[in-house]
Amino acid sequence: MIDKINELLQRVEEFTPKNLAEIEDFRIRILGKKGELTALMEAFKSVAPEQKRELGQLLNKLKTTALERINTLREQLQDASADNGATINDMTRPGSAEQLGSRHPISLVRNQIVEVFSRLGYTVADGPEIEDDWHVFSALNFPPEHPARDMQDTFFVEKNPDILLRTHTSSIQVRTMERQKPPIRVICPGRVFRNEAISYRAHCIFHQIEGLYIDEGVSFADMKQSLLYFAKEIFGENAVIRMRPSYFPFTEPSAEVDVSCNLCGGKGCPVCKGTGWLEIMGCGMVDPNVLIANNIDPQKYSGFAFGMGVERIAMLKYGVKDLRLYFENDVRFLHQFDTAL
């Protein structure tokens with residue numbers, strides 16, 4: 001039996017196949033249920049007890065060697081096949097057109113909004129996404145007990161309650177007021193974070209664009225005219241806006257801005273819930289407390305601020321009903337915006 005094991009071990013070591021099919025045939029012949037190794041295992045049961053130790057070691061060596069040899073040969077032939085395939089391509093075959101990507105709808109809308117306000121003299125300002133309490137809340141007149149400071153709304157950095165992921169790009173406005181004296185006219189696009197459940201209408205990550213204008217003699221009428229111009233540029237010349245009283249800690253008076261539904265022309269449809277209006281942003285005159293906190297004299301200067309969600313504007317502009325689509329990178333969805341470049 002020892003001679004049979006050694007003879008089979010030698011055949012395994014000298015096996016040189018030409019293709020993967022030969023390797024599979026050899027594996028079945030040696031290691032299959034009816035293979036030669038299985039027959040030796042059956043014969044092993046009847047050997048004398050004093051021979052079992054030596055024969056058992058030889059059989060284990062044979063099985064291990066056969067498995068390693070077969071796997072090594074299979075990998076070598078697969079690699080060789082891949083290399084050969086790379087070199088035998090028909091270079092005269094006509095090429096196929098490359099699949100070009102497209103701008104993401106969020107980028108398209110963000111760039112369009114920035115371009116509209118740049119015509120009004122606004123410059124783009126930027127700031128960090130990881131912020132401190134002062135720039136996100138305190139400098140914007142948020143009282144200590146304000147619910148926006150609660151963990152349900154804000155992602156705080158562990159072990160440091162003063163450091164958090166910004167919940168709005170108003171923090172960029174604060175940094176702008178710290179380093180620049182009026183007149184100030186900036187627009188602040190960026191990504192923001194809020195601790196919310198993800199659904200078709202909400203996400204924990206989204207994008208905002210906020211604007212700030214501070215100068216002498218700035219009025220509510222200036223703000224209304226600027227936002228009307230914006231609405232007409234984004235939603236069409238026939239767009240009209242209305243303002244509803246609201247509340248924000250950093251503006252007084254404050255308002256919500258609605259635009260006439262561009263899908264039904266203000267007649268009422270499921271998208272606008274039959275009202276003919278779509279909410280697009282919040283706005284208001286900068287609260288004097290915010291100016292004082294940022295070392296700007298409220299007796300000399302006044303200003304207005306506004307903020308909108310980019311996903312919201314894109315949903316209204318392109319008729320997207322589920323904002324989760326913005327984050328899934330589904331090319332079927334993204335290719336719909338090829339013509340919007």
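A residue is called buried when its relative accessible area is under 20%, exposed when that area is over 50%, and partly exposed in between (1.4 Å probe, protein chains only). By this criterion, 8 of the 10 residues of strand E8 are buried, so E8 is largely enclosed by the rest of the structure. Helices (H or I, at least four residues) and strands (E, at least two) are DSSP runs, numbered from the N terminus. The model discussed here is predicted, so local features need pLDDT of at least 70 and side-chain atom pairs count only at pLDDT 80 or more, while totals for chains, interfaces and linings use all residues. Residue numbers start from 1 along each chain as its sequence is written, and side-chain values use heavy atoms, with hydrogens and water left out.

Two strands are taken as paired if DSSP finds at least two bridges between them. The sheet is open, with 7 strands in the order E1-E4-E5-E9-E8-E7-E6 and mixed pairing. Strands E1 (123-124) and E6 (241-248) stand at its edges with a single partner strand each, so one side of each has no neighbour in the sheet. E6 pairs with E7 (residues 251-260) in the antiparallel sense over 7 bridges, and Ser246 has Ser254 of E7 as its bridge partner. E7 and E8 run antiparallel and are joined by 8 bridges, with Glu256 opposite Gly282 in E8. On to E9, E8 is again antiparallel, through 4 bridges; here Met285 stands opposite Phe304.

The packing of side chains comes next. A nonpolar core is a set of buried Ala, Val, Leu, Ile, Met, Phe, Trp, Tyr and Cys residues joined through side-chain atoms within 4.5 Å. The largest such core has 46 residues, of which Ile113, Phe117, Leu227, Phe230, Ile280, Phe306 and Met308 touch the most other members. Among the elements that each supply at least two residues of this core are helices H5 (105-118) and H8 (220-235) and strands E5 (205-215), E8 (277-286) and E9 (302-309). H5 gives the most, with 7 residues. Leaving aside residues up to four places away in sequence, Ile113 is in contact (heavy atoms within 4.5 Å) with Ile187, Ile209, Phe230, Ile234, Met308 and Ile313. A second, separate core of 24 residues includes Phe142, Ala148, Val286 and Tyr301.

Some backbone details deserve a friendly word. Most residues other than glycine have a negative phi, and most peptide bonds are trans. The bond from Pro182 to Pro183 is cis, with omega near 5 degrees, and Pro183 lies in the loop between helix H7 (170-179) and strand E4 (184-193). Glu252 and Pro253 are also joined by a cis peptide bond, with omega about 0 degrees; Pro253 is found in strand E7. Asn141, which is not a glycine, has a positive phi of about 70 degrees and is found in the loop between helix H6 (133-136) and strand E3 (163-165). At 27% relative accessibility, Asn141 counts as partly exposed. Asn329 has a positive phi near 55 degrees, is found in the loop between H10 and H11, and counts as exposed at 56% relative accessibility.
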